[in-house]
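Open the model in your viewer and keep the sequence panel beside it.

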Amino acid sequence: MEDTKAMQEVSDELTSMTKSTASHPFNPLERRVTFAKKDSTIAVFDSKQHTSRISQHFGQFGRADGEYHRPAGVIVSNLGEIYVADTGNQRIQVFDSSGVFLRLFTTRINGYTKSCPTGIAIVGNMFLVTDPVNNAVNMFDFRGNFTGHFSEDTVFDRPASISVDKTYGIVAISDQLGVRIFTAKGERRAGDILLAGHVGPIANEVACNGRGEILLSCWYDHCVKVYDLNSGFKTRIGDRGDWLGRLERPRGVGVDRQGKIVVSDAGNRRVQLFDPRDRLGFCRLVAAPADGLREPYGVQALSDGRFVVVDNALSKVFSVSKSRCEP
C-alpha cells in the first residue's frame with residue numbers, strides 16, 4: 001500500500017511537470033514511473049528513453065558523524081573519496097565512493113568565532129576551503145590540520161567556490177567581485193581575467209574543464225557562462241525557464257570525464273547534463289524533483305559515471321547512477 005502511494009505521488013508530480021512544458025521541443029511527451037520496492041529507488045523514463053536514477057543517498061540533518069547542516073560544496077578525490085563541505089556544522093566530512101563515513105575535520109580555526117566552509121578543492125597534498133564569512137581561502141593538510149591561508153595577500157570578498165585545472169596549473173576562485181585566477185602556489189596569474197563585469201553580484205559556482213576554460217554558474221542570469229583563459233567570455237549555456245535545457249537559479253557546476261557539463265538547476269529542483277559540443281547543448285536530465293531533490297547545490301562526477309549531488313535544503317547527499325540509455 002505504501003509503495004502504491006509513493007508511486008502515485010511521483011506520477012502526479014511528473015504529470016504536472018509534463019503539462020507545464022508541453023509546448024517545448026525537448027519536452028518528454030510521455031513518461032512512466034516505476035517504484036522499485038526492493039531498493040526503494042525511483043526510475044523515471046521519458047519518450048527518448050533517458051533514465052534518471054537515485055541509486056542511494058547518505059546522511060541526514062544533524063550534528064553527528066555522517067550528518068549535515070545545510071551542506072554546500074563537494075569534491076571527489078583521485079581515490080574516489082567524497083569530500084562534503086558541511087557548512088552549518090563548520091567542518092569537512094569524508095566518505096568513500098559508496099557513501100560510508102570515513103572521517104572529518106573542523107574548519108573553525110584559531111581566531112575564528114565562526115566558519116562557513118562553502119567550496120572545496122584539492123591542490124597537491126592540500127585542501128583549499130573557501131570561507132565567505134571570514135573572507136578567506138584556508139589550507140588544510142590531509143589530516144585536517146590548518147596550514148595557512150591561500151594567497152594571503154589577496155583580499156577576497158566573500159569567496160564562494162573554487163576549482164582547480166591541473167592541466168593548466170591554475171586555481172579559480174569566485175567571489176562577489178568575479179573570479180580570481182591563481183597558480184597552484186597562490187600567486188596571481190599573469191593576465192588575470194576580470195569577470196566581474198560579466199556576472200551578477202553573486203557568482204555561485206566555478207569549474208575548470210581542463211581545456212583552458214572556466215565555467216561559471218550565474219544565479220541572476222540563469223545560465224552557465226564559459227570563459228577562455230586567454231580571450232575572456234566565450235559563450236553561455238541555458239536561458240531562464242523550466243523547460244528541459246533551461247535553467248532557474250543554477251548553483252553547482254561540474255565536468256565529467258567526457259567534457260560534458262553537469263549543472264545543479266536549483267530553482268527547478270533538478271540536475272541537467274549539457275554537451276557543449278552539441279549544437280543544441282542539452283544532453284539529458286540527470287535527476288528530477290520526482291527523484292527526491294529539493295535544492296541541489298554542489299555536484300560532481302565520479303569516475304564510474306555516477307554523479308554526487310548535495311541537497312542543501314534536505315541536508316543529504318545523493319548518488320545518482322549512470323543513465324541506462326545514454327543519448
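**Stop 1: strands E6 and E7**

Select strand E7 (residues 101-106) together with E6: the two run antiparallel and are joined by 5 bridges. This is a predicted model. Now pick out Ile-92. Its bridge partner in E7 is Phe-105. Follow the chain from E6 to E7 and you trace a hairpin with 5 residues between the strands. Stop at Gly-99 in that turn, where phi is positive, about 90 degrees.

**Stop 2: the other side of E6**

E5 pairs with E6 in the antiparallel sense, over 5 bridges. Highlight Tyr-83, whose bridge partner in E6 is Val-94. E5 and E6 also make a hairpin, with 4 residues between them. In this turn, look at Gln-90: its phi is positive, about 55 degrees.

Because 5 of the 5 residues of E6 (residues 91-95) are buried, the strand is largely enclosed by the rest of the structure.

**Stop 3: the sheet E12-E13-E14**

Select E12, E13 and E14. They form an open sheet of 3 strands in that order, with antiparallel pairing. Its edge strands are E12 (161-165) and E14 (178-183), each pairing on one side only. On average, neighbouring strands here are turned by 20 degrees against each other, direction ignored.

Start with the E12 and E13 pair. They pair in the antiparallel sense over 5 bridges. Ile-162 stands opposite Ile-173 in E13. The two strands form a hairpin with 4 residues between them. Click Gly-169 in the turn, which has a positive phi of about 65 degrees.

Move on to E13 and E14. Here 6 bridges join E13 (residues 170-175) to E14, and the strands run antiparallel. Check two pairs across the join. Ser-174 stands opposite Val-179 in E14. Asp-175 stands opposite Gly-178 in E14. This hairpin has 2 residues between its strands.

Are the residues of E13 buried or exposed? Colour the strand by accessibility: 6 of its 6 residues are buried, and E13 is mostly covered. Ile-170, Ala-172 and Ser-174 lie on one side. Val-171, Ile-173 and Asp-175 lie on the other. Both faces are covered.

**Stop 4: the largest pocket**

Turn on a pocket display. The largest pocket holds about 980 Å³ of space. Its lining counts 39 residues, and those closest to the centre are Ile-75, Val-76, Val-164, Val-255 and Gln-300.

Which strand supplies the largest share of the lining? It is E12, with 5 residues. Other strands supply at least two residues each, among them E4 (74-76), E8 (120-123) and E15 (203-208). E19 (253-255) and E23 (296-301) also supply at least two each. Colour the lining by class to see 17 nonpolar, 16 polar and 6 charged residues.

**Stop 5: the second largest pocket**

Next, find the second largest pocket, with a volume of about 400 Å³. It is lined by 21 residues. Select Thr-118, Pro-132, Ala-160, Asn-204 and Arg-251, which lie nearest its centre. E15 gives the most to this lining, with 3 residues. E15 and E23 each supply at least two. By class, the lining has 7 nonpolar, 9 polar and 5 charged residues.

**Stop 6: the sheet E19 to E22**

Select E19, E20, E21 and E22. These 4 strands form an open sheet in the order E19-E20-E21-E22, and the pairing is antiparallel. The edges are E19 and E22 (282-287), each pairing on one side only. Neighbouring strands are turned by 25 degrees against each other on average, direction ignored. Zoom to E19 and E20 (residues 261-265), which run antiparallel and are joined by 3 bridges. Gly-254 has Val-262 in E20 as its bridge partner.

**Last stop: the whole chain**

Clear the selection and zoom out. The chain has 1 helix and 25 strands. Of its 327 residues, 57% count as buried. Show contacts between residues at least 6 apart in sequence: 42% of them join residues at least 24 apart.

Definitions and conventions
Residues are numbered from 1 along each chain as its sequence is written. This is a predicted model: local features need pLDDT of at least 70, side-chain atom pairs count only at pLDDT 80 or more; totals for chains, interfaces and linings use all residues. Side-chain values use heavy atoms; hydrogens and water are left out. Two strands pair if DSSP finds at least two bridges between them. Axes are lines fitted to C-alpha atoms, for helices over the stretch in contact, and angles run from 0 to 180 degrees between N-to-C directions. On a 1 Å grid over the protein atoms alone, a cavity is a set of points where a 1.4 Å probe fits but cannot get out, and a pocket is an open set with protein on both sides within 12 Å along at least five of seven lines; lining residues have an atom within 4 Å of a point. Grid points are joined across faces, edges and corners, and a volume is the space filled by probe spheres set on the points. Ala, Val, Leu, Ile, Met, Phe, Trp, Tyr, Cys and Pro count as nonpolar, Asp, Glu, Lys and Arg as charged, and the others, Gly among them, as polar. Buried means under 20% relative accessible area, exposed over 50%, partly exposed in between (1.4 Å probe, protein chains only). Contact means heavy atoms within 4.5 Å.
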